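Please open the structure in your viewer and keep the sequence panel beside it. The tour below goes from one selection to the next and says what is to be found at each stop.

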Amino acid sequence: MTDIMAQPIATEGSTSVPELQQPFVSKWASRYRGATVEDLDPPAALSLNPSDPISLALLSAFERDYTHLTIVDSQTRALLGYISIPQLQARLERGEVKPEDEVRTAMVRFRRKGGAKYQVITMTTPLEELEAFFAGVATAGQKQEFAVITDENRRFVLGVATVADLEEFIKRRPA
């Protein structure tokens with residue numbers, strides 16, 4: 001998702017972060033009790049190549065009930081971006097893309113240039129941090145709908161976690 005691959009983290013001197021930003025307070029901290037991303041039991045990542053057809057992305061996502069798929073370079077396996085299946089379906093309905101088009105025509109690319117920094121989410125990331133990421137704490141309030149889970153060195157995409165995954169964990173965890 002680089003690290004989380006959704007939005008760059010605001011840095012010192014950034015004008016996009018309000019001057020008096022309040023510290024993030026988790027609404028579910030009492031239920032996490034030391035849990036990490038690994039406790040969400042995220043399914044293995046399904047990554048496609050930019051040259052794969054959109055029809056393969058749809059079929060793969062529906063077979064596994066995934067809402068987001070990562071896109072990796074076919075040679076280096078470097079993370080390039082992602083496909084949001086709900087957004088892809090809407091673009092298909094509007095005729096902006098066709099099932100036979102390549103994934104590259106519909107994917108969201110991660111910004112690698114310009115010094116964009118990404119928050120790393122790994123299997124050992126505490127759920128409070130994941131919740132803060134989804135809430136947009138590090139992105140000037142811009143909420144995130146998913147996070148790419150990588151290894152510590154950001155070499156491998158291990159999975160994708162969504163807000164729904166976090167909410168499901170909370171439902172299963174007693175208060």
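Begin by selecting Asp41, which counts as exposed because its relative accessibility is 63%; here buried stands for under 20% relative accessible area, exposed for over 50% and partly exposed for what lies in between, with a 1.4 Å probe and protein chains only. Asp41 sits in the loop between α1 (29-32) and β1 (47-48), and although Asp41 is not a glycine, its phi is positive, at about 55 degrees.

A word on what is on the screen: this is a predicted model, in which local features need pLDDT of at least 70 and side-chain atom pairs count only at pLDDT 80 or more, while totals for chains, interfaces and linings use all residues. Residues are numbered from 1 along each chain as its sequence is written, and side-chain values use heavy atoms, with hydrogens and water left out.

Now colour the chain by secondary structure. The chain holds five helices and six strands, where helices (H or I, at least four residues) and strands (E, at least two) are DSSP runs numbered from the N terminus. Followed from the N terminus on, the elements come in the order α-β-α-β-β-α-β-α-β-β-α. Of the 175 residues of the chain, 41% count as buried.

Next, select Arg154, in the loop between β5 (146-150) and β6 (157-162). At 44% relative accessibility, Arg154 counts as partly exposed.

From there, go to Thr162, which lies in strand β6 and counts as buried because its relative accessibility is 13%. Which residues does Thr162 contact, leaving aside its neighbours within four places in sequence? They are Thr67, His68, Phe134, Glu145 and Phe146, contact being understood as heavy atoms within 4.5 Å.

Thr67 and Ile85 are 18 residues apart in sequence, and their C-alpha atoms are 5.2 Å apart in space.

Select Leu69 to see its surroundings: not counting residues up to four places away in sequence, Leu69 touches Leu46, Leu48, Ala57, Ala61, Gly81, Tyr82, Ile83 and Ile85.

Now show α2 and α3 together. Their axes are 11 Å apart and the helices pack at an angle of about 135 degrees, where axes are lines fitted to C-alpha atoms, for helices over the stretch in contact, and angles run from 0 to 180 degrees between N-to-C directions. The two helices are therefore oblique to each other; angles under 35 degrees count as roughly parallel, over 145 as roughly antiparallel, 65 to 115 as roughly perpendicular and the rest as oblique. Across the contact, Ile54, Ala57, Leu58, Ala61 and Phe62 in α2 meet Ile85, Leu88, Gln89 and Leu92 in α3.

For the last pair, select helix α4 (residues 127-135) and helix α5 (residues 163-172), whose axes come within 10 Å and cross at roughly 135 degrees. α4 and α5 are therefore oblique to each other. Here Leu127, Leu130, Glu131 and Phe134 in α4 meet Val163, Leu166 and Phe169 in α5.

End the tour at Arg104, in the loop between α3 and β4 (108-109), which at 39% relative accessibility counts as partly exposed. Arg104 touches Pro50, Ser51 and Arg109, not counting residues up to four places away in sequence.
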